Amino acid sequence: MDMKKVMAFKILLLVTISLTTIGCKRSSSSNSSRATGWDINSRDGGFQYNTQFKEQETAPGLVFVEGGTFTMGRVQDDVMHDWNNTPTQQHVQSFYMDETEVTNKMYMEYLDWLKRIYPPSEENYRAIYIGALPDTLVWRNRLGYNEVMTENYLRHPGYGEYPVVGVSWIQAVEFANWRTDRVNEMYLEEAGYITRDAKIASVEAGQTFNTDTYINAPTQVYGGNDSITSPQNTRRRVQTTASGDTINVYAGRETGIISPSYRLPTEAEWEYAALGLTELRSYNIYRGRKKYPWDGQYTRSGKRKVRGDQLANFKQGKGDYGGIAGWSDDGADITNQVKQYEPNDFGLYDMAGNVAEWVADVYRPIVDDEFNDFNYYRGNVYTKNAISEDGTVKIVTTDEIVFDTLPNGKVIARDLPGEIAQVPVDEDETYLRQNFDRSDNRNFRDGDKQSSRQYRESFSEEDGVTTETSMTSKMYNSPKHNIDVDDSTGALIREYDKSNKRTSLINDEVRVYKGGSWKDREYWLDPAQRRYFPQTMATDYIGFRCAMSRVGSKSKNKNKTKN
């Protein structure tokens, strides 16, 4: 072969290999779009996306709970004849859950923040702080001396690591919302989107951080000062582009930095997590035969070193809340410090005993698995961001706080300054939808003709044809107390429902609580047990813990699934 042809062939081969390599690099590069070939995350703007995201970071206080299928409901003997938790097969997505119940120290941090940002000494803010205070009077008893708990349980460091009680369902939800904002504020600070100690410098109402506001209107966070040249602009991340321009940079959800919200777990999540079904499931476990968060059918340990020790804090019997002095059965007479008993297989402590716990669900005697058996939850109330006349989201200001008076007379703030006002969804979101058609879905498929025990049909006859004109149903008939405020004196006017025709305490404002407490007998330690209580009220035996949804893969070990 001619030397020139050989050289030409070699050059052509090298060019071909080089072009092929370049093409491969470009197509496989995480910063090159597989849709368009355009660059992602370039300094000149354009599409910005976290292409290096591995998996969701476990947020403070939480442990990972890998989802799966399980038998929800009781399969043990129904000695109470409640018939309110018939076994159903459910599937729960992976999520995160608090390792322990929320403690007094954790809740005190929340109260301290509220007191600094919304000083109760100022009339406009007083109800915000007072509305978040736990009800310490829940410890009082007409025939018992419990004043030491009334005066000390919440604030004394001796009870700092004990679960907080006296907190209503509404207060628990507000704590979870506050916790979401504080954790995301910390994440953004660590990533450089917010300057160091900006969260500490925010000591005025309306100058605080809110996650939803940051996502939807980042220029309105921290009071809305978005000037790059302003000396107050210590809470912004700025970036210089390739052309030399300086711009503000904000973190959206596509950065992977902003965490999903803390919230109360659903009933299905709580029960699944309490059972601790992590190992290879035997037939009995899979079919729901597991009775406690630990293995076995008894409340005492069978391990040699601790044989006979109680595995949870509960009432042993009449007049026996802990055992004999000097050799206590469970180490506590009231609540106990968290992490005093062995965790279950998920690493969760006190999923039986110590305190019962609020969950997100509205109570109904049945779990409607015929309609849904995936991430079951009754209580969805869909809202959307309120939009101002100029087309921007409406941010609540300090002079626009709306307070609600609860049926028990307590006053709570509907929204805090700096948050986005919420309104119910309307026909713009529901028209021709198949998955939802209303804003409030708490009583969906409940009280209709198919599910009601009592309904009345009305008929009309016209031209010899009888037609059904209406059907009124009554599923629940709970008391309807009313409370109002005297405009002249500001005093509360309480009107009790004294009707003797009421047949139930169930309505859309009663919530499920799960697990036994220090006040309950062994029967209630079964994770399948379910009870209900008004969402506006509190007790000395109900606490709570938070949960968080998982985004991305089902398992933390992605290699577990074969490709």
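A cavity is a set of grid points where a 1.4 Å probe fits but cannot get out, and its lining residues have an atom within 4 Å of a point. This model is predicted.

**The largest cavity**

The whole structure holds 5 cavities of 30 Å³ or more. The largest has about 300 Å³ of space. Its lining counts 24 residues, and Tyr-110, Leu-114, Glu-174, Leu-416 and Glu-419 come closest to the centre. Helix 2, helix 3, helix 5 and strand 13 (411–413) each give two or more residues to this lining. Which element gives the most to the lining of the largest cavity? Helix 5 does, with 7 residues. By class, the lining has 14 nonpolar, 6 polar and 4 charged residues.

**Helix 2**

Helix 2 covers residues 104–117. Its 14 residues should span 20 Å at 1.5 Å a residue, and the end C-alpha atoms are 20 Å apart, so the two agree. Buried residues in helix 2 are Asn-104, Tyr-107, Tyr-110, Leu-111, Trp-113, Leu-114 and Ile-117. Residues three or four places apart on an α-helix point the same way, because a turn takes 3.6 residues. Helix 3 (126–132) and helix 5 (169–190) are among the elements that cover the buried residues of helix 2.

**Strand 4**

Strand 4 spans residues 95–98. Phe-95 and Met-97 point one way, Tyr-96 and Asp-98 the other, and all are buried.

| Partner of strand 4 | Bridges | Direction |
|---|---|---|
| Strand 1 (residues 62–65) | 4 bridges | antiparallel |
| Strand 22 (residues 547–549) | 3 bridges | antiparallel |

Val-65 stands opposite Phe-95. Tyr-96 has Met-548 of strand 22 as its bridge partner.

Technical notes: Residues are numbered from 1 along each chain as its sequence is written. This is a predicted model: local features need pLDDT of at least 70, side-chain atom pairs count only at pLDDT 80 or more; totals for chains, interfaces and linings use all residues. Side-chain values use heavy atoms; hydrogens and water are left out. Buried means under 20% relative accessible area, exposed over 50%, partly exposed in between (1.4 Å probe, protein chains only). Two strands pair if DSSP finds at least two bridges between them. The expected span of a helix is 1.5 Å times one less than its number of residues. Contact means heavy atoms within 4.5 Å. On a 1 Å grid over the protein atoms alone, a cavity is a set of points where a 1.4 Å probe fits but cannot get out, and a pocket is an open set with protein on both sides within 12 Å along at least five of seven lines; lining residues have an atom within 4 Å of a point. Grid points are joined across faces, edges and corners, and a volume is the space filled by probe spheres set on the points. Ala, Val, Leu, Ile, Met, Phe, Trp, Tyr, Cys and Pro count as nonpolar, Asp, Glu, Lys and Arg as charged, and the others, Gly among them, as polar.
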